[in-house]
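Hi,

Here is the structure we talked about, with its sequence. Please open it alongside this message.

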Amino acid sequence: MRVRVVALVVAVASLAGCGGGTDSHRGADPGRAMLANLPSCDRVPLDEDPEISADVTGLVLPDGARVTSVVEQGVLTTVEATVRMTPLDVRGHYENRDDIDLLRAEDETFEAEVLIRTPQRRMYLRAGALCADGTSLTAVVGPDSDDAGLPQFHTD
């Protein structure tokens, strides 16, 4: 009798730990779940500002990015854009590219930062969540130098 009770307790505990059912989020990426709580991008206008062309040497944006501003500031150029991706996807985009040198990447779910090197240029990019799958991008492109004046990461 005692063996059956122990077996029953183990079986119940195992089933409870599995989450049982199709609504279980066990094993799901908690960052993606947090981003899914943001408003739908259908309610947040990502294409409100007019799109402009950006011919900036060293600028590497994900496909589908809509550039809305280009401002030259001495040796640095700041580019504003939006894209239908999450900040996590933006970071992943740069991590998976083989045509750039990824110098640093980090994310805090709702925001991601990357620092890349292209021939003779560096680009710092900050991606911030606007909605569930839409992100604002701010890229600063400058010379490939540690003292070029590019923005720094928030954390070290």
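Below are notes on confidence, on one valine, and on the nonpolar cores.

Confidence comes before anything else, as this is a predicted model. The protein chain has an average pLDDT of 77. A score of at least 70 is reached by 69% of the residues. Residues 1-27 have a pLDDT below 50. Beyond near neighbours in sequence, that stretch has five contacts in the model. Where pLDDT is low, predicted coordinates should not be read in detail.

Now Val79. It sits in strand S2, which covers residues 76-83. Its relative accessibility is 1%, so Val79 counts as buried; the cut-off for buried is under 20%. Setting aside neighbours within four places in sequence, Val79 touches Val56, Leu59, Val67, Ser69, Val70, Leu137, Thr138 and Ala139. Leu125 lies 46 residues from Val79 in sequence, yet the C-alpha to C-alpha distance is 9.2 Å.

Leu137 is worth a look too. Leaving out neighbours within four places, its contacts include Leu61, Pro62, Val79, Val90 and Leu125.

Next, the cores. The largest nonpolar core has 22 residues. Those with the most contacts inside it are Leu59, Leu61, Val90, Tyr94, Met123, Leu125 and Leu137. Two or more residues each come from S2, helix H3 (87-95), strand S4 (111-118), strand S5 (121-131) and strand S6 (134-143). In soluble globular proteins, nonpolar side chains tend to be buried together.

Best wishes

Conventions. Residues are numbered from 1 along each chain as its sequence is written. This is a predicted model: local features need pLDDT of at least 70, side-chain atom pairs count only at pLDDT 80 or more; totals for chains, interfaces and linings use all residues. Side-chain values use heavy atoms; hydrogens and water are left out. Helices (H or I, at least four residues) and strands (E, at least two) are DSSP runs, numbered from the N terminus. Buried means under 20% relative accessible area, exposed over 50%, partly exposed in between (1.4 Å probe, protein chains only). Contact means heavy atoms within 4.5 Å. A nonpolar core is a set of buried Ala, Val, Leu, Ile, Met, Phe, Trp, Tyr and Cys residues joined through side-chain atoms within 4.5 Å. pLDDT is the predictor's confidence in each residue, from 0 to 100.
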